Amino acid sequence: GRRHTAVQQMARRSICSSARRQVENKVPQKQKMFQEDNGMPIHLKGGSSDALLYRATMVLTVLGVGFTLYELVKASFPQKKD
Amino acid sequence: MAHQAHAYHMVDPSPWPLTGAVAALLMTSGLAIWMHFHTMTLMSLGLILLLLTMYQWWRDIIREGTFQGHHTPPVQKGLRYGMILFITSEVFFFLGFFWAFYHSSLAPTPELGGCWPPTGITTLNPFEVPLLNTAVLLASGVTVTWAHHSIMEGQRKQAIQSLTLTILLGFYFTALQAMEYYEAPFTIADGVYGSTFFVATGFHGLHVIIGSTFLAVCLLRQAQYHFTSDHHFGFEAAAWYWHFVDVVWLFLYISIYWWGS
C-alpha cells in the first residue's frame, strides 16, 4: 500500500544522490577572473600555468626553427660515403 | 578601463598564429626529412607544436567568448560565416578525390582489364559492414540533433546523454572502419582502385576522428555549464561539421562502395 511506495521512493532517492557527484558551475568565478582589469593578455590571464605552457611552447618554437634550418642545410650538402 | 563604442571584438595580441606557422614549417620539412633520412624527430616536434597551438588558441577563444562576453551577435555572425566557409573548403577538398575516383572508374583503362572494379580486385560487400557504418552515422545525426534540442530547451542531463551517445557512435564507426581496413582483401598499393578507395575513405575517417574530438570538447563544455539555451555556437559548429562528415560518407557509400562494386 502507501508504506510500500514510500520505501520504494526513499530507496530510489538515496541511490540517485550517491551514484554521482554533481559538477559545480564555476562559470561565474571564471567570468570574474577573466574580466579583472589587470592588463594581462588572454593567453596569460589564467595564471602561472598559462605562463608555463606559453614558455614551453615558445621554447619548442625557437628550437624548432633552428633545428629545421640545421636539417635543411645538412640535407642540401650530400654526405659522401667512403 | 577604456570601453569600446562598438559590438565587435578587438582581439588581444596572440602568439598562437606564429607558433602554428612554425608547426606547419616543422611538419612539412619534417615530412621531407623523414622520407629521405628515415628520422621522425622534426615531424614529431611539429606535431607536438601543432597540438600545443590548437589547445591554447581554442582555450583562449573559449575564454574570450564564455568568460569575457566578447561573442556578441555580430561577432557570432562572423564566426558562423567562418565555419560555413571552412566546411565549404572541405567540401572542395573531398570533391577532388571524388573527381579522381570517377575519372578512373567511368573509363577504366586496358591495364585494369577495361572494367570496374578492375580485374583481380575483390571488393567489399556494400551490404555488410559498410551498410552498418551508414546506419551508425545516420543514427549519430539523429542523436546530435537530439542534443541540440536538449541544449535549447535547457535539459542539461538529456543534452549530456545524447551528446555522449553521438560520440560513442562516432567511435563505433571508427572501430568498424579500422577493422574493415585490416581485413580488406586489397591495399592502397593495388592500382588506382586501392588508391582512390583508401585515400577517399582514409581522409573521411580522419574527419570522423576530428569531428568526434570536437564533439567531445563540446561535451566537456556542456558539463561545465558553458552553453546556455540561446548561446551555444561552439556546439552548433561541431554539429554542422558532424553532419558534413555524415554526408561525405553517404556519397562515399553510394559511389565507391555500392556503384563501384
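Hi everyone, let's start where the two chains meet: across the interface of chain A and chain B there are 10 residue pairs in polar contact, both partners at pLDDT 80 or more. A polar contact here is a pair of N or O atoms within 3.5 Å; within protein, one must be able to donate a hydrogen and the other to accept it, and residues adjacent in sequence count only if both atoms are side-chain atoms. On chain A, the elements that give two or more residues to the side touching chain B are helix H2 (27-34) and helix H3 (48-76). H3(A) brings the largest share of that side, 14 residues. Sorted by class, the side of chain A that touches chain B has 14 nonpolar, nine polar and six charged residues. For those classes, Ala, Val, Leu, Ile, Met, Phe, Trp, Tyr, Cys and Pro count as nonpolar, Asp, Glu, Lys and Arg as charged, and the others, Gly among them, as polar.

Before going on, please keep in mind that this is a predicted model: local features need pLDDT of at least 70, side-chain atom pairs count only at pLDDT 80 or more, and totals for chains, interfaces and linings use all residues. Residues are numbered from 1 along each chain as its sequence is written, chains are lettered from A and ligands numbered from 1 in the order in which they are written, and side-chain values use heavy atoms, leaving out hydrogens and water.

Back to the interface. How many residues does the contact take from each chain? Chain A gives 29 residues and chain B gives 33 residues, where contact means heavy atoms within 4.5 Å. Together the chains bury about 2800 Å², with 71% of it on carbon and sulfur atoms. Buried area is the accessible area (1.4 Å probe) that two parts lose on being put together, summed over both. There are also two salt bridges between chain A and chain B, a salt bridge being a side-chain nitrogen of Lys or Arg within 4 Å of a carboxyl oxygen of Asp or Glu. B:Arg59 forms a salt bridge with A:Asp50, and the closest N and O atoms are 3.3 Å apart.

Is A:Tyr54 buried, partly exposed or exposed? Its relative accessibility is 25%, so A:Tyr54 counts as partly exposed; buried means under 20% relative accessible area, exposed over 50%, and partly exposed in between (1.4 Å probe, protein chains only). Leaving aside neighbours within four places in sequence, A:Tyr54 is in contact with A:His43, A:Leu44, B:Pro15, B:Trp16 and B:Gln56. A:Tyr54 and A:His43 are 11 residues apart in sequence and 7.9 Å apart in space, C-alpha to C-alpha.

Let's step back to whole chains. Chain A has three helices and zero strands; helices (H or I, at least four residues) and strands (E, at least two) are DSSP runs, numbered from the N terminus. Of the 82 residues of chain A, 16% count as buried. Chain B has seven helices and zero strands, and 43% of its 261 residues count as buried. The C-alpha atoms of chain B fill a box of roughly 75 × 45 × 30 Å, taken along the principal axes.

In the model, residues 159-177 of chain B are 100% helix, with end C-alpha atoms 27 Å apart. Residues 197-220 of chain B are also 100% helix, and their end C-alpha atoms lie 35 Å apart.

Last stop, the loops of chain B. Most residues other than glycine have a negative phi, and most peptide bonds are trans. B:His38, in the loop between helix H1 (16-37) and helix H2 (41-67), has a positive phi near 60°. B:His38 is exposed, with a relative accessible area of 65%. In the loop between H6 and H7 sits B:Tyr225, with a positive phi near 65°. B:His226 is found in the loop between helix H6 (191-223) and helix H7 (233-259), and B:His226 counts as buried because its relative accessibility is 12%. Finally, a cis peptide bond joins B:Trp116 and B:Pro117, with omega about 0°.
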